[in-house]
Amino acid sequence: MVAIAESVPRPASRFRFIFDRRDVLGAIFVSPAILYVLLLVGVPFLMAVYYSVSAYTIYDPSWRFVGMANFEQILENPDFRHTLSNTFIFTFGSQILGLILGKFGALVLLRPFPGRKLVRAIIILPFAVPVALATVAWQWMFDSLYSVINWTMIALGLIDRANAPNWLGNPDLAMLSVIVVNAWRFFPFAIVIFLAGITAVPQDVLDAATVDGAGFWRRNYQIIVPMILPIVAIGLIFGIVFTFTDLSIVFLMTMGGPIGATTVLGYSGFQTGIVSGDVSHGAAISLFMLPVLLVVVVLMLRFIKRREI
Amino acid sequence: MPRATVAKAAQETSFYAAVAFFFILAAFPFYWMVITSFKTDADLYNVAHIPFWFNDPPTLKHFQYLFHETLFARWLLNSLVIGICVVAITLVTALPAAYSLARMTGKNGEALGIGIFLTYLVPPTLLFLPLSRVIAVLGLQNSMWSLVLVYPTFTIPFCTWLLMGFFKSIPPEIEEAAIVDGCSLFGAFIKMALPLSLPGILTVVIFTFTLTLQEFVYALTFISSSAQKPITLGVATDLIRGDIFYWGEIMAGALIASIPVAIAYNFFLDNFIAGITGGAVK
């Protein structure tokens, strides 16, 4: 060990006044991250809001203010109302399916069995692998001619080849398909969230309940579910945000079709604002996500604050 | 057989049936990627063949085509460069920010940290229109560098939040002892806090990298020329000629790009979950 006496009288560096002031250094440390986020999230967000009340297109980049005209035009369009309801069906359909699969999957993985680690590693895959790549695999499985799902059903005698479903070509089946793919992507996440919650429930609480005569269902619904609710809520919030605003699954699998049956807000905003270059209407369409996002953020704040208690 | 044994056997069977169901549900699309990428076209496009295994001997033709006839190797390189640059930007900004927020006294640090984290929830589909304008002004349109600029908007919030938790678990007394020994505050951060939070830094590096690989919306919006695409975008959109999908090549490309991410996730999943739930369960 070097003697303490040696290290104390060090020549003061020129920057010492910066390096030693807690408040100054603290502010310098935080500012790059905050600046980055302000400049590339905060400012663009305000730009998006302004686009939505302007007449901006890529062909005529004017910032002329048009008030709520864009929103009025969008709301008058029956296709848009269809898009809005599609977005809700897509979001809630896939989240409910994902949560059910997640809850049962967690119950299965909770019990020790040989090979559990490997099974867990495989079950995580749908959430880990880039969504675009997994989606093209599903697109191939739903292929109109070479679908392995149809092949299996034909081989089992459930359907015949002439009446084989065209998964991505029929409006209802296409919606079902994108919901299934999104639920498939999120259910491992739900499993992991449920597992994290359940394993955090103290065993002595469960033991005490068992001694007091609570059965399996009672323990499940009166102790475990209320105790894991905060963590499940946060997981669900993430699921809702990333599904409600998603565009990749629909873009790759159905292009919003057939005849608009799977067009969701994100895809519609992309199609109008980027592909057609009608930036102002595209921004207005995207801003319809905002009310849902605000509700979600408020909920998120409530659940994060709980950990302070 | 006594009734209890029968009931037990039935219970065991249904349990393992449930395990099998979840296993197949999760794994089948990946099995399908593997089998498609090694099959000959003649085998692939024949409805009379049983699709679940090889009717013709497996082939490497799709992989050869991918590397020789397409820009696949270029996309791999692009993704690597984008990933490394975004990791560097994220570390340089998120590490000091997280440390400062974790050590801030009072409620300010926590509130500011939550504020930064909430920006992670602002979706790309809300920001892509103005950001594409920003990128055009900067002259980065149709270039992979636009992604290097934009990806930190979600990696910085996420990683700052994750690292805050790591720094909080290091007792401040360690740095205070270093300061008493003549270290400056800055020196204490570099010499004490950083080495001690190495597991956290490693987690952040891996997650930043995988987040950049998984991203699709910004890449789709900003980049249209094939040579600038990252791997996810290239595989998903560039292996289609007109109406013809090159399924063997697409699945081979998806397979190669998926493997590293899948492995990384399995190692760091627990840290990831602890990060996003922010310790909601204590």
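The following dialogue discusses a predicted model with two chains, A and B.

Modeller: Residues are numbered from 1 along each chain as its sequence is written, while chains are lettered from A and ligands numbered from 1 in the order in which they are written. Because the model is predicted, local features need pLDDT of at least 70 and side-chain atom pairs count only at pLDDT 80 or more, whereas totals for chains, interfaces and linings use all residues.

Biologist: What mean pLDDT does chain B have?

Modeller: The pLDDT is the predictor's confidence in each residue, from 0 to 100. In chain B, 96% of the residues score at least 70. Confidence is lowest in strand β1 (residues 240-241) of chain B, with a mean of 79, and highest in helix α7 (residues 145-150) of chain B, at 94. Over chain B the average is 86.

Biologist: How many helices does chain A have?

Modeller: Helices (H or I, at least four residues) and strands (E, at least two) are DSSP runs, numbered from the N terminus. Chain A has zero strands. Its helices number 15.

Biologist: Why is chain A described as more spread out than a compact globule, and what is its radius of gyration?

Modeller: The radius of gyration is taken over C-alpha atoms, and the globule rule is 2.2 Å times the number of residues to the power 0.38. For 309 residues that rule gives 19 Å, and chain A lies well over this, so it is more spread out than a compact globule. The C-alpha trace of chain A spans about 90 × 70 × 40 Å along its principal axes. The radius of gyration of chain A is 26 Å.

Biologist: What distance separates the centres of the two domains of chain B?

Modeller: Domain bounds come from an automatic or database domain assignment. For chain B the assignment gives domain 1 (3-59) and domain 2 (70-277). Taken over C-alpha atoms, their centres are separated by 35 Å.

Biologist: Which helix gives the most to the side of domain 1 of chain B that touches domain 2 of chain B?

Modeller: Two residues are in contact if their C-beta atoms, placed from the backbone, lie within 7 Å. Seven residues of domain 1 of chain B are in contact with six residues of domain 2 of chain B. On the domain 1 side, α1 (3-38) and α2 (41-44) of chain B each supply at least two residues. The most, four residues, come from α1(B).

Biologist: Which helix of chain B gives the most residues to the side that touches chain A?

Modeller: The contact takes 77 residues from chain B and 81 residues from chain A. By class, the chain B side has 56 nonpolar, 18 polar and three charged residues; Ala, Val, Leu, Ile, Met, Phe, Trp, Tyr, Cys and Pro count as nonpolar, Asp, Glu, Lys and Arg as charged, and the others, Gly among them, as polar. With 14 residues, the greatest contributor is helix α14 (residues 247-277) of chain B.
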